[in-house]
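Q: I am new to this structure and would like to be walked through it. Could we take it topic by topic?

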Amino acid sequence: MTDAALERLVVREAEGEDAGRLALVSDATFLETFAGLISGDALVTHCQRQHAPAYLGELLEGGARAWLAELDGAPIGYALLTAPELDAAREGDVELKKIYLLSRFHGSGIAARLLDAALAGAAGHARLLLGVKDDNHRAIGFYTKQGFRQIGTRRFNVGGTLYDDVVLARDLDRT
């Protein structure tokens, strides 16, 4: 990605009316990452349930926070913080539920910008937690470089099929 293109990049906090934009990124990134690795029917079912604009809008209206990366107004990635649903969660934790970026922008620094926005949004919490598919080595490597460490595992349901995730955590400065 060129410096000129990066100058046209905007990372902003998403609002309820951005749910459709978040859904586009969710579906595109999930399919490009997992098509051929997870059953097609399971992928479609997962996207219809977990990436639907109505579902994402409800999350935002219910207190979740998201940051949307847009290039020339087109959504290309986002990060989503929610109350933790992971068994490893403790009092004061927050969960990075999703951080998605279209693959053509991997290595551009945009994922780090989204993570920085989420970290700023997580201020005042003790730890930032996330789950990532155990064989998604690129994502695990990114998070490890960003100061996350593995604290557990979990099973993740995609369309009725269970997959293994690693649970990662990063301590946060509570000041």
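Predicted model: local features only at pLDDT ≥ 70, side-chain atom pairs only at ≥ 80, totals over all residues.

Q: Let us begin with open space. How much lies in the largest pocket?
A: The largest pocket holds about 1200 Å³ of space.

Q: How many residues line it, and which lie nearest its centre?
A: The lining of the largest pocket is made up of 48 residues. Nearest the centre are I99, Y100, V132, N136 and Y143.

Q: Which strand gives the most to that lining?
A: That is strand β4, residues 93-101, which contributes seven residues.

Q: And how does the lining divide into nonpolar, polar and charged residues?
A: There are 20 nonpolar, 16 polar and 12 charged residues in the lining of the largest pocket.

Q: New topic: how many salt bridges are there?
A: The count comes to 12 salt bridges. One of them joins the side chains of E70 and R12, with an N to O distance of 2.9 Å. This pair links distant parts of the chain, since E70 belongs to strand β2 (residues 65-71) and R12 to strand β1 (residues 9-13), 58 residues apart.

Q: Are those two buried or exposed?
A: E70 is buried, because its relative accessible area is 8%, under the 20% limit for that class. R12 counts as partly exposed, at 26% relative accessibility.

Q: Which residue forms a salt bridge with E13?
A: The partner of E13 is R65, and their closest N and O atoms are 2.7 Å apart.

Q: What about R149, where is its partner in the chain?
A: R149 is in strand β6 (residues 149-158), while its partner D171 is in strand β7 (residues 161-171), 22 residues apart. Their side chains meet in a salt bridge at 4.0 Å, N to O. R149 is partly exposed, with a relative accessible area of 43%.

Q: What does L96 touch, beyond residues up to four places away in sequence?
A: L96 touches A79, L80, L81, L115, A118, L128, L129, L130 and Y143.

Q: Some single residues now. Where is T82, and is it buried or exposed?
A: T82 is found in strand β3, residues 74-82. T82 is buried, with a relative accessible area of 10%. Leaving aside neighbours within four places in sequence, T82 is in contact with A64, V94, E95 and K97.

Q: Where does K97 lie, and what is it in contact with?
A: K97 lies in strand β4. Apart from neighbours within four places in sequence, K97 is in contact with L80, T82 and E85. K97 is partly exposed, with a relative accessible area of 24%.

Q: What separates the C-alpha atoms of K97 and I140?
A: The C-alpha atoms of K97 and I140 are separated by 14 Å, and the two residues are 43 residues apart along the chain.

Q: Finally, what is the phi of D72, and where is D72 found?
A: Phi of D72 is near 55 degrees, a positive value in a residue other than glycine. D72 is found in the loop between β2 and β3. D72 counts as exposed, because its relative accessibility is 53%, and exposed means over 50%.

Conventions:
Residues numbered from 1 in each chain as written. Heavy atoms only, no water. 1 Å grid on protein atoms, 1.4 Å probe; cavity = no way out; pocket = protein on both sides within 12 Å on 5 of 7 lines; lining within 4 Å. Points joined across faces, edges and corners; volume = space filled by probe spheres on them. Helix = DSSP H or I, 4+ residues; strand = E, 2+ residues; numbered from the N terminus. Nonpolar A, V, L, I, M, F, W, Y, C, P; charged D, E, K, R; others polar. Buried < 20%, exposed > 50% of the residue type's maximum accessible area, 1.4 Å probe, protein only. Contact = heavy atoms within 4.5 Å.
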